[in-house]
Amino acid sequence: MPIKIPDSLPASRILENENVFVMTEYRALHQDIRPLKIVILNLMPKKIETETQLLRLLGNSPIQVDIELMQTKSHTPKNTPSEHLFKFYKTFDDLRGQRFDGMIITGAPVEQMAFEEVEYWDELCEIMEWSKQNVYSTLHICWGAQAGLYYHYGVNKYPLDEKLFGIFQHRLLVENHSITRGFDELFYVPHSRHTTVSRREIDRCPELEILASSKEAGVYMVGRRDGRQFFITGHSEYDRDTLSQEYFRDLEKGLPIHIPENYFPHNDPKQKPPYTWRGHANLLYCNWLNYYVYQTTPYDLEELDENTPPTV
Ligand SMILES: CC(=O)SCCNC(=O)CCNC(=O)[C@H](O)C(C)(C)COP(=O)(O)OP(=O)(O)OC[C@H]1O[C@@H](n2cnc3c(N)ncnc32)[C@H](O)[C@@H]1OP(=O)(O)O
Ligand SMILES: N[C@@H](CCO)C(=O)O
C-alpha cells in the first residue's frame, strides 16, 4: 500500500527518487476503492494445483480480489476432473462481455509444438486480442509468455539443447522499476522448459523492456513499457516439490532428464529441497497487483480500452 506523508518530510523526496510509492494528499483523498476483477486463463494440465499456487500468491495482499477461472473450449482437458471444471470454470464465451483489471495466462506443456499446432491456438489468439481492450494488465507465465510474445510482437521460441530444469539465479537489469520494487538484486526462480526466447528479438521491439534475466536461464521478465503486459519465463508460483514431481515423473517414463539444478541439497533427490524463490514470487504478484492493477486501472472499467493511461 502507498504511504501518505507530508510533502516537506525529507523522506518524501528521497523515496520518490527511489520510485517508492508516495501518494499525494490529493490522490489519497480522491482515490475510490473497489474489489479488483482478475481472470486466470488456466492452460496447465494440473489445473487444481496451478489455481491453488496462483491464488496463494494473489491472496497475499490487502486488496480484495474477485477471481474468475477460465478454460479454453477448443481443448477438452484430460487431467482435471470434469466436475471441477464444470463447477468452477468458465469459457471465453461466458466472459468476453466483461472487462477485467488483470489477467493471468498460465504456462502449458505444449512448448515443443509449433504454436499453430496447439489445439486452442486460434481461441487463445482471440483471447489475447480481446485482452488488449478489455483487461488493464495481463501477466503471462512460461509458455503463456512465449505465446504472448509471439502473438503480440512476433518474437519466436527456440529449442534448447537440453531441458532447462532447476532453480537459477537472476539479476535485475533496470533500477527502480515498480514491478521489481523491493526485490533482492540477485533472486532465484524455478525454470522447467525445453525452449527459450531470443533477447535480440525482444530488444528489437521498442514497446518492450527486459527487466530481469539469468546467465543460465536467459531472459526472465519482460514488460511492456506502459505496464499493460508482463511476460515471465519461469515458474515463480511452483511449490517446493513441483520440480521434484516433474523429475520423478520423467525418470519413471524413461525420458532424458537430469537432476534439477541447484535444487536438492547435495543433489540428493532423497533430501527436501529448500524453498528459495517464495519471497520473490510473493513480491512479484504483490507488485503487479498493486502498481499495475490496483493503482492504475480505471475505477470505472467501462472506460477501459487499449490506450487507457494509468490512473495515478
Ligand atoms: C513451458 C511451460 O509452460 S511449463 C508448464 C507446464 N508444466 C506442466 O504441465 C507440469 C505438469 N504436467 C505434467 O506433469 C504432465 O503434463 C501430466 C502428468 C499432467 C500429463 O502428462 P502426459 O500424460 O504425458 O500428457 P497428456 O497427453 O496428458 O498431455 C498433457 C497436457 O498437454 C497439453 N496438450 C497436449 N497436446 C496438446 C495439443 N495438441 N493441444 C493443446 N494442448 C495439448 C494438454 O494441456 C494436456 O493436458 P490436459 O488434456 O489435461 O489439458
Ligand atoms: N514444466 C513442463 C515442461 C514441459 O513443457 C513439465 O516438465 O511438464
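Predicted model: local features only at pLDDT ≥ 70, side-chain atom pairs only at ≥ 80, totals over all residues.

Visitor: OK, how much space lies in the largest pocket?

Guide: About 1,200 Å³.

Visitor: And which residues lie nearest its centre?

Guide: P45, A108, P109, V110 and R249 do, out of 43 lining residues.

Visitor: Which element supplies the largest share of that lining?

Guide: Helix 9, with 5 residues. Helix 3 (47–58), helix 7, strand 7 (186–197) and helix 9 (242–252) each supply at least two.

Visitor: What does the backbone do just after helix 9?

Guide: G254 takes a positive phi there, of about 70 degrees.

Visitor: Switching topic: how many cavities of 30 Å³ or more are there?

Guide: The count is 1. The largest cavity holds about 60 Å³ of space.

Visitor: What lines it?

Guide: The largest cavity is lined by S131, K132, V135, Y136, T138, R224, R228, Q229 and E306. Two elements give two or more residues to that lining, helix 6 (121–134) and strand 5 (135–141). Strand 5 gives the most, with 3 residues.

Visitor: How does that cavity lining divide by residue type?

Guide: Into 2 nonpolar, 3 polar and 4 charged residues.

Visitor: You mentioned helix 6. At what angle do helix 6 and helix 7 pack?

Guide: At about 75 degrees, with the axes 11 Å apart. Helix 7 covers residues 143–153.

Visitor: So is that roughly parallel or roughly perpendicular?

Guide: Angles of 65 to 115 degrees count as roughly perpendicular, so helix 6 and helix 7 are roughly perpendicular to each other.

Visitor: Which residues meet there?

Guide: From helix 6, W121, L124, C125, M128, E129 and K132. Facing them in helix 7 are W143, A147, G148, Y150, Y151 and H152. K132 is also one of the residues lining the largest cavity.

Visitor: And the make-up of that helix contact?

Guide: The contact of helix 6 with helix 7 has 8 nonpolar, 2 polar and 2 charged residues.

How values were computed: Residues numbered from 1 in each chain as written. Chains lettered and ligands numbered in written order. Heavy atoms only, no water. 1 Å grid on protein atoms, 1.4 Å probe; cavity = no way out; pocket = protein on both sides within 12 Å on 5 of 7 lines; lining within 4 Å. Points joined across faces, edges and corners; volume = space filled by probe spheres on them. Helix = DSSP H or I, 4+ residues; strand = E, 2+ residues; numbered from the N terminus. Nonpolar A, V, L, I, M, F, W, Y, C, P; charged D, E, K, R; others polar. Axes fitted to C-alpha atoms, helices over the stretch in contact; angles between N-to-C directions. Parallel < 35°, antiparallel > 145°, perpendicular 65-115°, else oblique. Contact = heavy atoms within 4.5 Å.
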